[in-house]
Amino acid sequence: MSTKNCIIVDPGMHTYYEQQYFEDFITRKQLTPLLLLNTHCHIDHVLGNHFVYEKWGLIPNFHEKEVPILVAVDNYAPQMGIMYDTSPIPEKFLKDQETITFGSTTIETILAPGHSPGHLCYYIKEQDILIGGDVLFRNSIGRTDLPGGDHQTLLDSIKSRIYSLPDQTIVFPGHGPETSIGYEKQTNPFVRG
């Protein structure tokens, strides 16, 4: 079996068991991680950033408006009883509508704030896939009561940025089952298309 390159998105693991499980998966599948992306920097999406950096030398990539959100994790993680190793900060930040080339795959960044101020979704047009983070869930939306959240901004982001994608686009959210743009436009009780 040949080695395959991969991207890591939002590594939420923080216990030794979760880290070991993740590393074993990478080894078993003979994957080579080349890029670390964060949709946003709430604690549950960045807990593994330090581990990924130590293990594979990858610095996370995210939008500049997420820096204060990431820095805040250092302060509130201990209050939540969570051991947290500080994440590296990017040397260069991703912007809206930036193109990331990964082998023959093109990934477009879509800025969709509301759940957090610099939340990015990653759109792979050729495969009709959106890595959506915590913007849009199956019949739900991201919460807006966390640092940097704003309910109306989130609704506007979904309507103008996410629902503009083709209906057949499969959304892989940060939590819960996959969905599609078309399904959510018809059934989502929070924001219809």
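Predicted model: local features only at pLDDT ≥ 70, side-chain atom pairs only at ≥ 80, totals over all residues.
Local features require pLDDT of at least 70 and side-chain atom pairs pLDDT 80 or more, while totals for chains, interfaces and linings use all residues. Residues are numbered from 1 along each chain as its sequence is written, and side-chain values use heavy atoms, without hydrogens and water.

T109 belongs to strand β5, residues 105-111 (strands are DSSP runs of E, at least two residues, numbered from the N terminus). T109 is buried because its relative accessibility is 0% (buried, under 20% relative accessible area; exposed, over 50%; partly exposed, in between; 1.4 Å probe, protein chains only). A polar atom of the T109 side chain lies 2.7 Å from the backbone nitrogen of E98. Beyond neighbours within four places in sequence, T109 contacts L94, K95, D96, Q97, E98, I100, L120, C121 and Y122 (contact, heavy atoms within 4.5 Å).

The whole structure holds 4 aromatic pairs (rings of Phe, Tyr and Trp, the last by its six-membered ring, with centres within 6.5 Å; planes under 30 degrees apart are stacked, over 60 edge-to-face, the rest tilted). F51 and W56 form an edge-to-face pair, because their ring planes stand at 90°, with centres 6.0 Å apart. F51 is buried at 14% relative accessible area. W56 is partly exposed at 24%.

R138 lies over the face of Y183, 4.4 Å from the ring centre (NZ of Lys or CZ of Arg within 6 Å of the ring centre and within 35 degrees of the ring normal).

Notes:
Helix = DSSP H or I, 4+ residues; strand = E, 2+ residues; numbered from the N terminus. Polar contact = N/O pair within 3.5 Å; in protein donor to acceptor, adjacent residues only side chain to side chain.
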